[in-house]
Amino acid sequence: MRNSPLSRRQFLRFSAGVAGLAALSACAPAAAPSAGGDANGGAAASGEAVNVSLGLTWEAAFQSHQKEFDDKFMEAHPDITLEPVYNTWSDHNNVVPTWAAADTLPDIIYVHGSRAFPWAFEGITIPLQSYIDTDTEFNVEDVWAEALNLYNFKGEQHGIPYDHGPNLLGYNKDMFDAAGIAYPDETWTMDTLRETALQLTDAAGEVPKWGWSAEMPGLSNQDGVSSLGPWGAELLNTDENTLLLDTDAALESTQYWTDLILVDKSAPTPAESQAFEQGPWIAGQVGMAVVPSWETPSLASFSTFAWDVAPWPEGPVARATGSFGSGFSMTKNTQHPDQDWAYLREYLSKEGMEFMWGSSGRGSPARKSAYDSWMNSDTVPEHVHYYLDALDTYAITGRPYQTLAAAELNDIITRSVTLLKSGEIDVASALAAIMEEGAPVLTAAYERLNS
Amino acid sequence: MVLTISALIRRRPLTLHQREQVDFYIAILPWLLGLILFTGGPVLASLIFSVTNWTGMNLAEVKWVGLENFRTLLFDDGLFWIATVNTFYYSFGAVTLGTMGALFVAILLNQNLPGTTLLRVIYYLPSITSGVAISILWIWLFNPQVGLVNYLLSVVGIKGPLWLGSQDWVKPALILKSTWGIGANMIIILAGLQGVPVSLYEAAKIDGANWWHEFRHVTLPMLSPVLFFVVVISVINSLQILTDVLVMTQGGPGTASFVYVYYIYQAAFQYLKMGYASALAWILFAIILALTLLQLWGSKRWVYYEGGEH
């Protein structure tokens, strides 16, 4: 028999080459999954049965609640069939761009506040303004203006928020009681927080305890306002093309939060925090922490201690805290926007928000009129009204929210802040590094936005 | 025409070699089609995207930017160089430790002792377990407060470092973690070891060789083609480290573990710079290709083929 056998060397070379190609194929982007969108094509005629696909992020436990709402909606609208597609919350921001690239976006998608602006710019989401303007029953004025801002692109709403809430000061009542210290209240300043954190700290004990949970300094999104705002500092200018971290106020505020960790040692270092799967606050080993409204369900479910919230302490210049939230948008791939709006207007109505997020305790609704339902739910703390007070008086939505560089800037900030909290660099170096690395990124994004 | 071919086939039946060739191509056709359609297509597309400003969204708004992405990467992007240096650091450590570890374990498991089959299975199992699950496991092993690694160090009086929380120790930690997957290479080396003729060891013994001489002058030369294969593949794989970084460190602390493919992932899916990410991917391809060719060239100096080169 004639053949041409490979030598061992040739075989190994060939195998190495083939395996190398296969390994290199990992560089190729993954295929986009089907979103289960309507394949009928074209705008559905009035009365014609259509499928409306939803790209959601609820965990399994909350999906039954979504189904309950959807079933009621479909009963009332027999011509519309809802088809939810669930991503994990952490995957969703990566999955949506792949859907968009493949033109397989669901009709309606969940949009985190940080993605609202870039996704509108890229054309993933489409304007809802004409529906909002003509649907007088929808009453968009009832939605917090700060929440709407996140989804506003060039003067048009590209999404409607469903939840919105501020950062407040959460505290472990058990630790305060054990130390004989009065609970935080409206009179607290940043100095009070620092003194109390020291009093609550016993890091050398058999079960270490700290006064403060060390989330700060957090410079972006809602944490940026809570961290910098009380000292009168800001992360970005209004056009979001210049970082403002080279001010004395930015330095002073960042130094304050860093000193809690590294000088006072009344907050755990990042290494110490790693010992807790859900963090030292949930574990009950921290006296005070940042507690945004959307974290209250987790606290109610997992904490083993009594807790409550208080106003964000007043700083040397102002009382200021950040607020943030998420919403829903129609996508460029929808073939029947009228049916999408029929769903959104009910889903994000007062009654819809009360059912989905308010009375379920899932989170603070983005409508003022629906806030009571959340404040009367089972998962909220005793002084839940402080959330409403903050939204009414001193909470503002944190930046960046209107730059295309938001995700990149957040990463730049995180890199330096992590080193800062670990004591590997000082405050001045951290802020300078963010300025140096962030400036060209912001400039490029601004030029692209206006090109 | 069909008749002509049929007649030809009738007149000239395929030889055994030809039938084997036909069978061979039929057998590899599914894989070949998959390679061309699902790998070759995206690879070609990424080459095109690398000279555009595509965000990964709207193809209608793609603009040709020529070599601008490559110029920016090489001359204006500090992160590119940080990622490249970190990746080479990791690759060197992971390949060196991984290959030596796999060789060591393979030699141990090549002994004719009771229980070696079970041990081979045990050593191989980690290499087929989920990457994410193992990464999460190692986060806890490296935990500076309650992790097993620092506990073991404390038993012998050493205060362990912060590992994943330290700029100095995060890359060594990732390298150490990479040894978890030596099972695959161990199996390949073990197969190579079992292919070394016993007569060579017997001849060496007659010549007065001790274990080191046998290892140095028999085992290593006979294993060198296998080791070469293992090193080439390990280098390619290690240069593409992603899962561990994504799950364990997210490139931190700071940029201490910011590696190349993590940058590609961030650029493509977080920053919506698909064109830029494609340029990054092609530079990585060029680096891997160059390193592989360099290794092929260098192999002439140390790889021994028993039958000579055909």
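Of the 451 residues in chain A, buried residues make up 49%. The model described here is a predicted one. Its chain A holds 18 helices and eleven strands. Among contacts in chain A between residues at least 6 apart in sequence, 73% link residues at least 24 apart.

Domain 1 covers 50–165 + 324–397, and domain 2 covers 168–318 + 399–449. Taken over C-alpha atoms, the centres of the two domains of chain A lie 28 Å apart. To the contact between them, domain 1 of chain A brings 24 residues and domain 2 of chain A brings 21 residues. On the domain 1 side, at least two residues each come from α4 (113–121), β6 (160–172), α16 (385–393) and β11 (395–397) of chain A. The most is given by α4(A), with five residues. Sorted by class, this side of domain 1 of chain A has eleven nonpolar, nine polar and four charged residues.

The nonpolar interior comes next. In soluble globular proteins, nonpolar side chains tend to be buried together. The largest nonpolar core in this model has 176 residues, and those touching the most other members are A:Leu168, A:Phe328, B:Ile189, B:Val259, B:Tyr263, B:Ile264 and B:Leu280. From each of domain 1 and domain 2 of chain A, this core draws at least three residues. Leaving aside residues up to four places away in sequence, B:Leu280 touches B:Leu73, B:Tyr263, B:Ile264 and B:Ala267.

Within β9(A), A:Trp307 stands opposite A:Asn172. Strand β9 (residues 307–310) of chain A is covered on both faces: A:Trp307 and A:Val309 are buried on one side, and A:Asp308 and A:Ala310 are buried on the other.

A:Ala445 counts as buried because 22 other C-beta atoms lie within 10 Å, where the cut-off is 20 or more. With residues up to four places away in sequence set aside, A:Ala445 touches A:Thr403, A:Leu404 and A:Ala405. A:Ala445 and A:Ser114 are 331 residues apart in sequence, and their C-alpha atoms are 15 Å apart in space.

Technical notes. Residues are numbered from 1 along each chain as its sequence is written. Chains are lettered from A and ligands numbered from 1 in the order in which they are written. This is a predicted model: local features need pLDDT of at least 70, side-chain atom pairs count only at pLDDT 80 or more; totals for chains, interfaces and linings use all residues. Helices (H or I, at least four residues) and strands (E, at least two) are DSSP runs, numbered from the N terminus. A residue is buried if 20 or more other C-beta atoms lie within 10 Å of its own, exposed if 12 or fewer, and partly exposed in between; C-beta atoms are placed from the backbone. Two residues are in contact if their C-beta atoms, placed from the backbone, lie within 7 Å. A nonpolar core is a set of buried Ala, Val, Leu, Ile, Met, Phe, Trp, Tyr and Cys residues joined through C-beta atoms within 7 Å. Domain bounds come from an automatic or database domain assignment. Ala, Val, Leu, Ile, Met, Phe, Trp, Tyr, Cys and Pro count as nonpolar, Asp, Glu, Lys and Arg as charged, and the others, Gly among them, as polar. Two strands pair if DSSP finds at least two bridges between them.
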